[in-house]
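Biologist: I have a chain here that I'd like to go through with you. Can we start with the strands and then move on to the side chains?

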Amino acid sequence: MIMGLRDTGYEFDTAVADILDNSIAADAKNIDLRIDMDLRGNITLSLADDGCGMNRDDLLNAMTYGAKLRPNPASLGKYGLGLKTASTAFSRRLTVASRASARAKVLAATWDLDHVADSGKWEVLLSDDVDDEIVEHLEEVAENSSGTVVVWQKVDRLLKDYADAGGKPAQKALKQKEEQLRSHLARVFQRFLDPKDKRARTVSVRLNGTAVKAWNPFLPELSELVATEDVAVETPTGKDASFSVKAYILPRREEFPTAEMAREAEISTDNQGIYIYRENRLIKDADWLGMYQKEPHANLLRIEFSFDHRLDEVFHLDIKKSQIALNEELWTWLNEQFLTAPRRMANQRYREGQKKDISKAAQGAHDASNKTIKEREAAAGGAKVNVVNPNTGECLVQNSHGQFRIKLPVAAAAKPGEVYVATVDSIENGLLFEPTIIQGHRGVRINQSHPYYAKVYVPNLNRSVLVQGMDSLMWALAVAEWSAYHDETMEHFKDMRFELSKILSKLVEGLPDPELNENAA
């Protein structure tokens with residue numbers, strides 16, 4: 001059984017956070033976490049705190065699988081299993097050393113899975129002869145006070161096997177684990193780590209000598225709070241409780257006061273979604289809970305969902321305190337009512353910003369096309385088009401069917417030479433392109449707001465030959481329209497452009513949104 005409980009599904013970061021929960025529940029003000037590897041590749045994790053500590057009975061209870069519940073139901077520790085299952089998920093030897101007061105002797109209790117296997121006994125080892133390094137760690141963090149140290153030894157499930165167990169590749173892998181853990185703790189315990197957040201008492205956490213800094217996903221001092229609700233709930237036992245939901249829309253990267261602040265905000269697809277907090281501790285990182293797929297247009301939207309211990313049963317909190325299950329009514333309310341407006345606003349802000357980014361990225365991308373078409377225009381042939389009245393857009397088209405007067409968009413060149421292919425922010429009816437006359441030349445305007453431009457053109461703007469090929473096709477379609485034009489076909493060509501634009505919009509739906517540059521959302 002004790003071996004089977006190693007496989008409860010803990011991730012390393014989640015397991016360490018579970019250990020840290022106990023320190024916070026013990027009213028610790030300072031927590032020091034160390035992860036070391038010796039030359040032979042043996043890894044030791046040691047966490048010391050200056051919390052209330054434990055006497056002999058408390059220590060034995062803490063080391064019991066299914067320990068007695070704490071008197072405070074709001075405690076971050078909940079099921080009496082986390083300390084043991086989280087620790088043995090990665091190590092074969094768990095030691096907890098503690099003292100309930102400054103004058104009390106340090107007492108240690110150990111679960112050694114090898115001892116359990118060899119002896120065939122469900123036996124925790126109790127001793128007052130505590131390892132000097134453990135005592136030293138306790139003294140450094142809880143000098144002249146109560147405190148506790150949790151130690152993992154015989155760590156066998158954290159890293160893969162390396163030919164040189166203590167070599168540089170293994171050390172590098174452990175360093176990566178350390179940085180991932182730092183990021184995880186910064187998120188999970190943000191409200192405790194941030195002295196400015198008054199919802200939770202302040203706790204100092206150090207990892208390998210460096211303070212863990214809080215990471216607030218919502219940046220309330222910069223973001224826009226676009227929706228908030230406090231929802232009353234009746235528990236299965238008939239008690240009143242409530243939870244709160246808030247929707248924040250973050251600034252776009254270029255709107256942050258500094259580039260450093262923009263980087264720290266970590267705007268990405270991974271970080272959009274609902275953040276769920278229980279008793280001020282993050283238990284579920286950014287996720288849409290099956291409501292939507294993560295797509296770039298929602299990158300600026302983050303939802304804060306907070307509840308306390310009274311709703312544990314309602315939300316079916318799991319043993320690792322890392323998952324909850326919303327009932328159908330609440331899930332539907334979030335999806336169809338609360339999130340509708342914030343998602344629309346976030347999408348609009350993203351699209352507005354995307355237009356600017358695309359316009360910036362497209363600058364100069366069509367210069368080669370204009371040059372190429374200029375050189376080959378005469379050879380390409382096609383109808384002649386002359387402007388009759390630039391104010392009304394009246395033009396004279398001469399082709400093999402005769403001469404026809406039509407109205408066309410007539411524009412000046414945005415810059416020298418841009419008279420054959422030009423991009424614009426939008427075109428009426430959402431068309432991808434339209435024939436136009438640019439400074440007396442036969443040209444085509446391409447709609448940067450059309451999904452085809454965003455998803456096909458933009459990712460290839462640095463591939464000149466490909467852009468020239470697509471531009472040539474657009475220009476040829478415009479000229480061909482004039483060459484085949486007569487009074488009876490005018491509306492058909494308009495319909496064709498509309499249908500073509502609509503079909504291409506559907507065809508590129510599954511393509512990824514463009515990754516423009518470091519300033520794009």
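Modeller: What follows covers a sheet, then salt bridges, then aromatic rings. This is a predicted model, in which local features need pLDDT of at least 70 and side-chain atom pairs count only at pLDDT 80 or more, while totals for chains, interfaces and linings use all residues. Residues are numbered from 1 along each chain as its sequence is written, and side-chain values use heavy atoms, with hydrogens and water left out.

Biologist: In what order do the 8 strands of the open sheet come?

Modeller: The order is β5-β4-β3-β6-β2-β1-β7-β8, with mixed pairing. Strands here are DSSP runs of E with at least two residues, helices are runs of H or I with at least four, and both are numbered from the N terminus. Two strands pair if DSSP finds at least two bridges between them.

Biologist: Which are the edge strands?

Modeller: β5 (125-127) and β8 (210-211), each of which pairs on one side only.

Biologist: How many bridges join β7 to β8, and in what sense?

Modeller: There are 2 bridges, and the sense is antiparallel. L207 is opposite T210 in β8, and R206 is opposite A211. The hairpin has 2 residues between the strands, and N208 takes a positive phi near 50 degrees there.

Biologist: And β1 to β7, parallel or antiparallel?

Modeller: Parallel, over 4 bridges. D32 faces R206 of β7 across that pairing.

Biologist: Which helix lies across β1, β2, β7 and β8?

Modeller: Helix α6 (residues 168-188), which runs at about 160 degrees to β1. Axes are lines fitted to C-alpha atoms, for helices over the stretch in contact (heavy atoms within 4.5 Å). The angles run from 0 to 180 degrees between N-to-C directions.

Biologist: Switching to charges. How many salt bridges are there?

Modeller: The count is 30, taking a side-chain nitrogen of Lys or Arg within 4 Å of a carboxyl oxygen of Asp or Glu. One of them is R187 with D285, where the closest N and O atoms are 3.2 Å apart. R187 belongs to helix α6 and D285 to strand β12 (residues 281-287), so this pair ties together parts 98 residues apart in sequence.

Biologist: Is R187 buried or exposed?

Modeller: R187 counts as buried at 10% relative accessibility. D285 is partly exposed at 32%.

Biologist: What does R349 pair with?

Modeller: R349 meets E224 in a salt bridge at 2.5 Å, N to O. R349 is in helix α11 (residues 340-362) and E224 in strand β9 (residues 224-234), 125 residues apart. Both are partly exposed: R349 has a relative accessible area of 22%, and E224 comes to 35%.

Biologist: Which residues are linked in a network of salt bridges?

Modeller: R92, R93, D112, D114 and K154.

Biologist: Now rings. How many aromatic pairs does a search of the whole structure find?

Modeller: It finds 19. Rings of Phe, Tyr and Trp (its six-membered ring) pair if their centres lie within 6.5 Å; planes under 30 degrees apart count as stacked, over 60 as edge-to-face and the rest as tilted. F243 and F305 have ring centres 4.9 Å apart and planes at 15 degrees, so that pair is stacked. F243 lies in strand β10 (residues 240-249) and F305 in strand β13 (residues 301-307), so the pair ties together parts 62 residues apart in sequence.

Biologist: Are those two buried or exposed?

Modeller: Buried: F243 is at 3% relative accessibility and F305 at 1%. F243, F305, F307, W333 and F338 form one aromatic cluster.

Biologist: Last one. Which charge lies over the face of Y277?

Modeller: R191, at 4.0 Å from the ring centre. The rule asks for NZ of Lys or CZ of Arg within 6 Å of the ring centre and within 35 degrees of the ring normal. R343 lies over the face of W288, at 5.7 Å from the ring centre.

Methods. Buried < 20%, exposed > 50% of the residue type's maximum accessible area, 1.4 Å probe, protein only.
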